[in-house]
Protein chains: 2
Amino acid sequence: MVQKSKGPPAVASEQPKRRGRPRAYEPDVALGKALDLFRTQGFAATSLDDLSEATGMNRPSLYGAFGDKRELYIKSYQRYRDDARASMTEIFREEMPLRQRLEGIFACALNIYLSGETGPRGCFTVVTAASEAVSDPDIRAMVLEGLSELDKAFANCFRRAKEKGELPETADPTVLAQLASATVHTIAIRSRARVPRKELEAIVKGAIDMMVGLESSRRPGDGRDP
Amino acid sequence: MVQKSKGPPAVASEQPKRRGRPRAYEPDVALGKALDLFRTQGFAATSLDDLSEATGMNRPSLYGAFGDKRELYIKSYQRYRDDARASMTEIFREEMPLRQRLEGIFACALNIYLSGETGPRGCFTVVTAASEAVSDPDIRAMVLEGLSELDKAFANCFRRAKEKGELPETADPTVLAQLASATVHTIAIRSRARVPRKELEAIVKGAIDMMVGLESSRRPGDGRDP
DNA sequence: TGATTTTTGTACTGTCTTGCATATTATATC
DNA sequence: GATATAATATGCAAGACAGTACAAAAATCA
């Protein structure tokens, strides 16, 4: 074989020109549909037929793309975590007062938990903890990671707020973080019982007041609602 | 038929002398076994064969005694609530300082959540909220009731403590109760992820400190640990 | 055009599932 | 002892379930 121009130099990230028959589905949206189902029904109550119908893929394609049901569940959970992290990340990063940051985080959580065509679906970490986590070590490990990721994110919040003087010296960021996580968990559970959004928001407000201290909420002129 | 002595006057509460073949099971213990299974595995992941084996009853007997699987689940849940209520009731009734009462309640909850031969099983209300509550209105109603029963019990606690002067006038019993419930929920979830008891107790301690106010925990000479 | 590769669509297997039908056993009453 | 009653034990039927085999289809490559 003589030296030939070897074609495009394998940029390969745009369109790698796959060889065989093209996929009739987009893996990302299919995984999203599977996640939707698992979130509402849980692992055991969701059949492969359900998943096949929801994704538009038939079972062999499901297996080919994601593996068996358990693997699909795990990938769905990872996807859920990625999505949740993505929707929170800028609230954690941006510079803002503690109260405002907490409000943003809880509002974001509520949006996730209350979304769903057939009704609120709560938090997938909580759903998984309440079902597969007891019997499946791998899944349990993922759940543990999910729980502690939230704890750590909140703890960081409170640590930074304390450094900025928004919290008294006696405040313990770890304890406050656990309280914040507990608030997340309680609204996750209640949302699945169809507790109305207003009540959940009231719970969040009460918790925030406790965490930042009631006095700091009485700061004058915070912009809106004159 | 002539007037006859009509036999024993239907006291009927000790041994009603049932007519046919005697039961080979005790309904209460059988229901307890069913509850154990449902608590760990959830509704969908528990088969009637599992239940049959655990209770020692074969399926026709199960149906005869408790109805179909869903009815058995509902009766199991009611049993769980009754048990939980019974184990808490005296802590709620007895006269004691707020902190001590809260410690008692949370200790009791931890015992329930961490019990189980194969590992901790958490709170059945939470498990049910995370699974059947979304799709089954009747079960959802029971879960809602369970959640609000806890809220109300805690609110009563804090209201009484406030009346006795254990809490400042600014304290809101409802908000404190929601925080206490949130703490219960978070340990219920974490226990299923096998978070060790020590960590759960630390969470409880932090929450109690927040709720009763740290200063009141620094009361002198509370007995132990000189 | 023909070969190769990858995915799709259909159908199949064996197992598990729920609920029930039927027959059997054990007790109380007459 | 005969009869009625209530439970047990066995096993069946219809369907759901997870996972796979196999052939047809649709694309690239030569």
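The model is predicted, with local features requiring pLDDT of at least 70, side-chain atom pairs counted only at pLDDT 80 or more, and totals for chains, interfaces and linings using all residues. Residues are numbered from 1 along each chain as its sequence is written, while chains are lettered from A and ligands numbered from 1 in the order in which they are written.

Chain A contains nine helices and zero strands. Helices (H or I, at least four residues) and strands (E, at least two) are DSSP runs, numbered from the N terminus. The element order of chain A from the N terminus is α-α-α-α-α-α-α-α-α. Chain A has 226 residues, of which 37% are buried. A residue counts as buried if 20 or more other C-beta atoms lie within 10 Å of its own, as exposed if 12 or fewer do, and as partly exposed in between, with C-beta atoms placed from the backbone. Contacts were also sorted by sequence separation. Of those in chain A between residues at least 6 apart in sequence, 56% join residues at least 24 apart. Two residues are in contact if their C-beta atoms, placed from the backbone, lie within 7 Å.

Helix 1 of chain A covers residues 27–41. Its 15 residues reach 21 Å from first C-alpha to last, close to the 21 Å expected at 1.5 Å a residue. The expected span is 1.5 Å times one less than the number of residues. Buried positions in helix 1 of chain A are A:Ala30, A:Leu31, A:Ala34, A:Leu35, A:Phe38, A:Arg39, A:Thr40 and A:Gln41. Their cover includes helix 2, helix 4 (69–93) and helix 6 (124–129) of chain A. Just after helix 1 of chain A, A:Gly42 adopts a positive phi of about 85°.

Helix 4 of chain A holds A:Glu90. A:Glu90 is exposed, with 10 other C-beta atoms within 10 Å. A:Glu90 and A:Ile105 are separated by 15 residues in sequence and by 9.9 Å in space, C-alpha to C-alpha.

Helix 9 of chain A spans residues 197–212. At 1.5 Å a residue, its 16 residues should span 22 Å, and the end C-alpha atoms are 22 Å apart, which agrees. A:Leu200, A:Ile203, A:Val204, A:Ala207, A:Ile208, A:Met210, A:Met211 and A:Val212 are buried in helix 9 of chain A. These buried residues pack against helix 5 (98–114) and helix 8 (173–192) of chain A, together with helix 8 (173–192) and helix 9 (197–212) of chain B.

The largest nonpolar core has 118 residues. Such a core is a set of buried Ala, Val, Leu, Ile, Met, Phe, Trp, Tyr and Cys residues joined through C-beta atoms within 7 Å. A:Val126, A:Leu179, A:Met211 and B:Val126 touch the most other members. Beyond its neighbours within four places in sequence, B:Val126 is in contact with A:Ala130, A:Ile189, B:His185, B:Ala188 and B:Ile189.

Chain B is laid on chain A by a turn of 180° and a shift of 0.0 Å along the axis, with an RMSD of 0.0 Å. This is the relation of a two-fold axis. The superposition is by least squares on the C-alpha atoms of residues with pLDDT of at least 70 in both copies. The copies meet through the same surface, because 100% of the interface residues of chain B are also interface residues in chain A. The contact takes 37 residues from chain B and 37 residues from chain A. On the side of chain B that touches chain A, the elements giving two or more residues are helix 6 (124–129), helix 7 (137–163), helix 8 and helix 9 of chain B. Helix 8 of chain B provides the largest share, 11 residues. This side of chain B divides into 20 nonpolar, 12 polar and five charged residues. Ala, Val, Leu, Ile, Met, Phe, Trp, Tyr, Cys and Pro count as nonpolar, Asp, Glu, Lys and Arg as charged, and the others, Gly among them, as polar.

DNA strand C has 25 residues around it, of which A:Gly20, A:Arg21, A:Ser61, B:Arg21 and B:Leu48 come nearest. A residue is near a strand if its C-beta atom, placed from the backbone, lies within 6 Å of it. Helix 3 of chain A gives the most to this surface near DNA strand C, with four residues. The surface near DNA strand C has 12 charged, seven nonpolar and six polar residues.

Around DNA strand D there are 26 residues, with A:Arg21, A:Leu48, B:Gly20, B:Arg21 and B:Ser61 nearest. Two or more residues come from each of helix 2 (48–55) and helix 3 of chain A and helix 3 of chain B. Helix 3 of chain B contributes the largest share of the surface near DNA strand D, four residues. By class, the surface near DNA strand D has 12 charged, eight nonpolar and six polar residues.
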